[in-house]
Amino acid sequence: MRIVVVGAGLGGVSAAVGLHRRGHEVTLYERGAELREAGTAVVVMPNGARALNTLGLGDYLHARPMSADHGGLRDRHGRPLLVTDIARAMRTVGPVSAVSRAELHRALRAPFPAELVHTAAPVRRLEQDETGVSVIADDRPVARADAVIVADGIGSKLRGLLFPRHPGLRRIGRMDLRGMLPRPAGLDVTELLAGQLVDRRTGAMFGLWPVGDSDLYWFTDSALCGTPPGAEEARRQMLTLTADWHPVVPAVIEATPPADVYVDPIACLAEPLPSFAIGRIALLGDAAHAMSPDLGQGASQAFEDAAAVTRHLTDAGPADVAQRLRRYDAERRPPTSRLMLAAARQSRLTSLTGGGAWLRDAALRAIPSRLATRALVALWQAD
Ligand SMILES: Cc1cc2nc3c(=O)[nH]c(=O)nc-3n(C[C@H](O)[C@H](O)[C@H](O)COP(=O)(O)OP(=O)(O)OC[C@H]3O[C@@H](n4cnc5c(N)ncnc54)[C@H](O)[C@@H]3O)c2cc1C
C-alpha cells in the first residue's frame, strides 16, 4: 500500500519505519528544512520502550537504561512527600530511559531510507475520496496515498481541518522551562534524581533526571507571568523563584547556559478528539492527544500509537484501510483520553498553592511508598 506520514517527529518517524518494514510504500513529509529533533532530553517510560521494541527500534534505549533508586514528590527543600521505589518499578515493568531527544530521533529515523523523505514540505490539506487521499503541499497535490498518518505534533494544522468543530489547544497559563547540561563537578545531585520538587507558596515544580552517567535533564513548570519570556529572562525568573529551594535546584539552573534553556507555554487539547481516524486518515502522537507533560507520557504514547497503527495496517490492502484505522482508533483513543485527564489532574495537583497545597502535602505524606510504586507500575504497564 502507498502510505504517507505527515510529520517527522518522534511519533512520525517511528510509524514510518514500522510501516516501511512491513512492506508498505511509505513516504514521509516534514515541514522543517531538515530531519532533526531540537531540544533537550526525553524520558521514555517502559510502555514507550516496549512499543519501540515491537517496531524493532528498541536497541538505542536498551543500551541506555536509567539508574535511579527512588523518585516521587518532594517539597522545595527536598524533603520527601511521596516516595516511589523506581528501581523496583523498573524491575517489574522494564527500564525507564532519559536520553537526548536529538540522539533518540537520529537512532529512530536511521533505518528509514533518506530518499523517501521530503523536507521543507509542509502539508496544507488532505483530500480523500473512495479510492485514496491526495496530499496537498504548497497548494498542489504532491502525492496520492491509500492511507495517510497525520503526525504533525501539538500545533497540528491538519487536526483543525479534519475536526473544525473541535476547540483545539488550550493553554493552561503555565510555562515550561527545561535544560540539559553535563553534571556540574562537585555538585551531589543524587538525592533529587528521578523526582520532582513542588513549592506550595508559588505552585512551581522542578524535576531532575539523569541522562546517562554524565548529563542531567531538568524541567520546571511554573506560572511565569505574561507571554512567553525569552529563555534568558525565563531562566532569570526561575532562579529568583527557586533561590531558597534545595541548593541543587538553583545551582543546576545557574550552570545551564541561557542558550541551552528552552521555554514554552504549556498547552494540551481542550478535550479528547471524537476520533483518531477519518476514512483513510489517522492521527497519532500529539496531533491526536496532546496532553500536559506532567506524567512524562507524550512521547511514550506516540510510540504506542506508532506500534498500534503499524500492527493494524500490517497485512492490510487499500480496501481494508478505513476498517483497520477504525480498529486503531478503538484501541488507542480510550487509554490516551484517560491519560489526558490524568495528566491534567496531576498538573492541577502539583501546581496547588495555599491551603490546597498544604492538604495535598499532608495527604501525600500519608501514602505508603508501596502503594505509590504500585500506581507507577500500573501507569507504565498500561498499553
Ligand atoms: C516541555 C515538554 C517536555 C516533555 N517531556 C516529555 C518526556 O519527558 N517524556 C515524554 O514521553 N514526552 C515528553 N513530552 C512530550 C513529547 O515531546 C511529545 O509528546 C512528542 O514529541 C510527540 O511526538 P509527535 O511525533 O507527535 O510530535 P512532534 O515530535 O512535535 O513532531 C511533529 C513533527 O511534525 C512536523 N510538522 C508540523 N506540521 C507539519 C505539516 N503541516 N507538514 C509536515 N510536517 C509538519 C514538525 O515540524 C515536527 O517535526 C514533553 C513535551 C513538552 C512540551
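This is a predicted model: local features need pLDDT of at least 70, side-chain atom pairs count only at pLDDT 80 or more; totals for chains, interfaces and linings use all residues.
Thr 310 belongs to helix α10. Its relative accessibility is 1%, so Thr 310 counts as buried, the limit being under 20%. Thr 310 and Ala 16 are separated by 294 residues in sequence, yet their C-alpha atoms are 8.6 Å apart in space.

**The ligand and its shell**

The shell is made up of 29 residues. Which of them are the closest to the ligand? They are Gly 11, Glu 30, Arg 101, Asp 286 and Ala 299. By residue class, the shell divides into twelve nonpolar, ten polar and seven charged residues.

At Arg 31, a backbone N or O atom lies 3.0 Å from a nitrogen atom of the ligand. At Val 123, a polar backbone atom is 3.0 Å from a nitrogen atom of the ligand. At Gly 296, a polar backbone atom is 3.1 Å from an oxygen atom of the ligand. Taken alone, the ligand exposes 1,000 Å², and the protein buries 85% of that area.

Colour the secondary structure elements that give two or more residues to this shell: α1 (10-21), β3 (41-44), β12 (169-182) and α10 (298-313). Helix α10 is also where Thr 310 lies.

**Arg 178 in strand β12**

Stay with strand β12 and select Arg 178, which lies in it. Is Arg 178 buried or exposed? With a relative accessibility of 17%, Arg 178 counts as buried, because the limit is under 20%. Show the side chains of Asp 176 and Asp 264 as well. The Arg 178 side chain makes a polar contact with the side chain of Asp 176 at 2.4 Å. The side chain of Arg 178 also makes a polar contact with that of Asp 264, at 3.0 Å.

**Aromatic pairs**

Turn to the aromatic side chains. How many aromatic pairs does the structure hold? There are three. Two of them are visited here.

Start with Phe 206 and Trp 218. Their ring centres are 6.2 Å apart and their planes are at 15 degrees, so this pair is stacked. The pair links distant parts of the chain: Phe 206 is in strand β14 (residues 205-211) and Trp 218 is in strand β15 (residues 215-222), twelve residues apart. Both Phe 206 and Trp 218 are buried.

Then select Phe 276 and Tyr 328. Here the ring centres are 6.5 Å apart and the planes are at 45 degrees, so the pair is tilted. Phe 276 and Tyr 328 are both buried.

**Helix α2 and the residue after it**

Select helix α2 (residues 46-54). Its buried residues are Pro 46, Asn 47, Gly 48, Ala 49, Ala 51 and Leu 52. Just after α2, go to Gly 56, where phi is positive, at about 70 degrees.

Move to Ala 120, in the loop between β7 (117-118) and β8 (123-129). Phi of Ala 120 is near 50 degrees, a positive value in a residue other than glycine. The relative accessible area of Ala 120 is 48%, so Ala 120 is partly exposed.

Asp 138 is the next stop, in the loop between β9 (132-137) and β10 (140-145). Asp 138 is not a glycine, but has a positive phi of about 50 degrees. Asp 138 has 46% relative accessibility and therefore counts as partly exposed.

**Last stop: Arg 106**

Finish at Arg 106, in helix α5 (residues 101-109). Arg 106 counts as partly exposed, with a relative accessibility of 46%. Arg 106 and Pro 80 are 26 residues apart in sequence and 37 Å apart in space.

Note on methods:
Residues are numbered from 1 along each chain as its sequence is written. Side-chain values use heavy atoms; hydrogens and water are left out. Rings of Phe, Tyr and Trp (its six-membered ring) pair if their centres lie within 6.5 Å; planes under 30 degrees apart count as stacked, over 60 as edge-to-face and the rest as tilted. Helices (H or I, at least four residues) and strands (E, at least two) are DSSP runs, numbered from the N terminus. Buried means under 20% relative accessible area, exposed over 50%, partly exposed in between (1.4 Å probe, protein chains only). A residue is near a molecule or strand if one of its heavy atoms lies within 4 Å of it. A polar contact is a pair of N or O atoms within 3.5 Å; within protein, one must be able to donate a hydrogen and the other to accept it, and residues adjacent in sequence count only if both atoms are side-chain atoms. Accessible areas come from the Shrake-Rupley method with a 1.4 Å probe; for residues, only the protein chains shown count as cover. Ala, Val, Leu, Ile, Met, Phe, Trp, Tyr, Cys and Pro count as nonpolar, Asp, Glu, Lys and Arg as charged, and the others, Gly among them, as polar.
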